[in-house]
Number of protein chains: 2
Amino acid sequence: MKLKSFQDMDCSLAQALEIVGERWTLLILRDAFFGIHRFDDFQGRLGIARNILSMRLARLVEQGILERRPLSTGGRRAEYHLTAKGKALHPVLVALTQWGDRWYPGVCGSRIEFVERDSGEPVLPVQVRAGDGRALAPREIGVRTPGDGTDPRPGGESTSGTA
Amino acid sequence: MKLKSFQDMDCSLAQALEIVGERWTLLILRDAFFGIHRFDDFQGRLGIARNILSMRLARLVEQGILERRPLSTGGRRAEYHLTAKGKALHPVLVALTQWGDRWYPGVCGSRIEFVERDSGEPVLPVQVRAGDGRALAPREIGVRTPGDGTDPRPGGESTSGTA
């Protein structure tokens, strides 16, 4: 099945989905955040077909989200490490995981809790916050499009609220 | 192409991706946050095939992310509105959009800026924060799995850091 490309869609969300909007990709990145670096370890944990994993890793390297580091032991083996661009996806993964945990809990309740490593204290739920740190509800947040001063809603104005 | 289901994977991220890890779904939700409620408006903005849109909307309603409200004018027409569960995805969309805007800017730079509606001031970049509001880097964040006290890393401990 050929998927329609979002690349021509002039929307930053569509651009992001073009790269990471694929079912396996965020799970591969999740494992990279958990310290997985080698092909066989990704493959064993995810149970993903080797050719699919190979394609997904190549794409993530090509996009500068993972860096491929050949092993000093030589041969064709390599490790995959998150770049700054890859690490910048961490809030997305945490937010999506918190949402999944809240609305699709396991049979025994919450599956996972993110904590500050040093203190062991839970982190805050990921929320959109004003400059002074107040959490904002969707209806309190508007968008501005610096490019042309219009917003993407039909009939939208320069600064407009969302639902 | 039959996609492997993530539903059996006991991971909150996988559960979330099972529901919203589809290329169109987050764009439909984006438009819902922009105040789009009707089938024809979603269809016109997204350029998505009607049968695909129809399936995606039905799934979002079935999962309680959108609520279908028949129009008082009667007939088969309806509006789709975000539920609390749907609105809880807003931080995910904002975080992913900010990432796309940062790493895949348009030809004229940033495409979109989220602002506090009342003040017009930009919101903060979505980040994972400690209880006192400090932004935390991925390496400062660990996970705890309340269910069984273990972590999903091979050889991982009860509280462990991420990359």
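Q: To start, what do the buried residues of α6(B) pack against?
A: The model is a predicted one. In it, the buried residues of α6(B) pack against α1 and α6 of chain A, and also against α2 (23-33), α5 (84-87) and β3 of chain B.

Q: And how many residues of α6(B) are buried?
A: Twelve of its 14 residues are buried, and α6(B) is thus mostly covered. Among them are B:H90, B:L93, B:W99 and B:D101.

Q: Why does the span of helix α6 of chain B agree with its 14 residues?
A: Helix α6 (residues 90-103) of chain B should span 20 Å at 1.5 Å a residue, and its end C-alpha atoms are 20 Å apart, so the two agree.

Q: Turning to the contact, how many residues does it take from chain A and from chain B?
A: It takes 78 residues from chain A and 78 residues from chain B.

Q: Which element gives the most to the side of chain A that touches chain B?
A: That is α6(A), with 13 residues. The elements that give two or more residues to this side include α1 (12-20) and β4 (141-144) of chain A.

Q: What is that side like by class?
A: The side of chain A that touches chain B has 42 nonpolar, 20 polar and 16 charged residues.

Q: One more topic, the strands: in which sense do β4(A) and strand β3 of chain B pair?
A: They pair in the antiparallel sense, over four bridges.

Q: Which residue is the bridge partner of A:I141 in β3(B)?
A: The partner of A:I141 there is B:E116.

Key: Residues are numbered from 1 along each chain as its sequence is written. Chains are lettered from A and ligands numbered from 1 in the order in which they are written. This is a predicted model: local features need pLDDT of at least 70, side-chain atom pairs count only at pLDDT 80 or more; totals for chains, interfaces and linings use all residues. Two residues are in contact if their C-beta atoms, placed from the backbone, lie within 7 Å. Ala, Val, Leu, Ile, Met, Phe, Trp, Tyr, Cys and Pro count as nonpolar, Asp, Glu, Lys and Arg as charged, and the others, Gly among them, as polar. Two strands pair if DSSP finds at least two bridges between them. The expected span of a helix is 1.5 Å times one less than its number of residues. A residue is buried if 20 or more other C-beta atoms lie within 10 Å of its own, exposed if 12 or fewer, and partly exposed in between; C-beta atoms are placed from the backbone.
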